[in-house]
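Open the structure and keep the sequence beside it. This report looks at rings and strands.

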Amino acid sequence: QTYYWRVTAFAGGGKGEPSAPWRFSTLIRPPVLTTPINRAENVPGLPVTLAWERVPGATAYDVQVAPNLAFTTILDQVSNITDTTTTVGNLASATRYFWRVRSIDPDTVGLWSVRSQFITGVLTTVDEWKGAEGVRVRPNPVVDYIAIELPEDQLKDQSCAVDVVNNSGQVVLGPQGYTVGQTLSIKHLAAGTYTLRILAGAKRYTTSFTVVR
């Protein structure tokens, strides 16, 4: 925001003329980091999703991830993101990481946000999740909602956790709880092929489905 200011002197003889106006502009404020929450532990997923609040007036954001508080080594850096979320995949299990974001508007680049930190859990890629007979999505292809069929002899009437991963390895839905018989909304997903991951206790399953629009 641009502000204008001036000074007027007062003395025994009265009020003087105002000075010539000067102006200054404030930097756009940094965003508030939301996900993962600061000092979160056992953060799942590979890649890990980072998210922050949108800043009024910001047209883009820069993100940095570092293995140390001083950010002397940058593990991952993404510039000019127009969304308020990104992912980072070059991470190790059970390791502490620091991240920060700054706002960009058409005129300036703002200051970095308060640094946030998280500790990864045991990270697994899509390739480490195994398919299983009897695990499938109905209908397939799908438009708005899917139902998940699970092996009755192993997971009948059980709740589990599910998420959806795109072809780039980014988690685009979840993780969230799921009970057999429910439907899962995928209305926000673009057309394409996705991988559904299912975590039930120590068991991990995966299957694919196609979204049509």
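Predicted model: local features only at pLDDT ≥ 70, side-chain atom pairs only at ≥ 80, totals over all residues.

Residues are numbered from 1 along each chain as its sequence is written, and side-chain values use heavy atoms, with hydrogens and water left out.

**Rings**

The structure holds 4 aromatic pairs. Rings of Phe, Tyr and Trp (its six-membered ring) pair if their centres lie within 6.5 Å; planes under 30 degrees apart count as stacked, over 60 as edge-to-face and the rest as tilted. Two of the pairs are set out here.

| Pair | Centre to centre | Angle between planes | Type |
|---|---|---|---|
| Tryptophan 52 and tyrosine 61 | 5.7 Å | 65° | edge-to-face |
| Tyrosine 97 and phenylalanine 118 | 6.0 Å | 35° | tilted |

Tyrosine 97 sits in strand E11 (residues 96-104), and phenylalanine 118 in strand E13 (residues 116-120). Strands (E, at least two residues) are DSSP runs, numbered from the N terminus.

Buried means under 20% relative accessible area, exposed over 50%, and partly exposed in between (1.4 Å probe, protein chains only).

Arginine 100 lies over the face of phenylalanine 71, at 4.1 Å from the ring centre. A charge sits over a ring if NZ of Lys or CZ of Arg is within 6 Å of the ring centre and within 35 degrees of the ring normal.

**Strand E13**

E13 is mostly covered: 5 of its 5 residues are buried. Ser116, Phe118 and Thr120 point one way, while Gln117 and Ile119 point the other way.

Take glutamine 117, which lies in E13. Its relative accessibility is 10%, so glutamine 117 counts as buried. Beyond its neighbours within four places in sequence, glutamine 117 is in contact (heavy atoms within 4.5 Å) with Ile37, Asn38, Arg39, Ala40, Arg96, Tyr97, Phe98 and Trp99.

Which strands pair with E13? Strands pair if DSSP finds at least two bridges between them. Strand E6 (residues 40-43) runs parallel to E13, joined by 2 bridges. Valine 43 stands opposite threonine 120 in E13. E11 pairs with E13 in the antiparallel sense, over 4 bridges. Arginine 96 stands opposite isoleucine 119 in E13.
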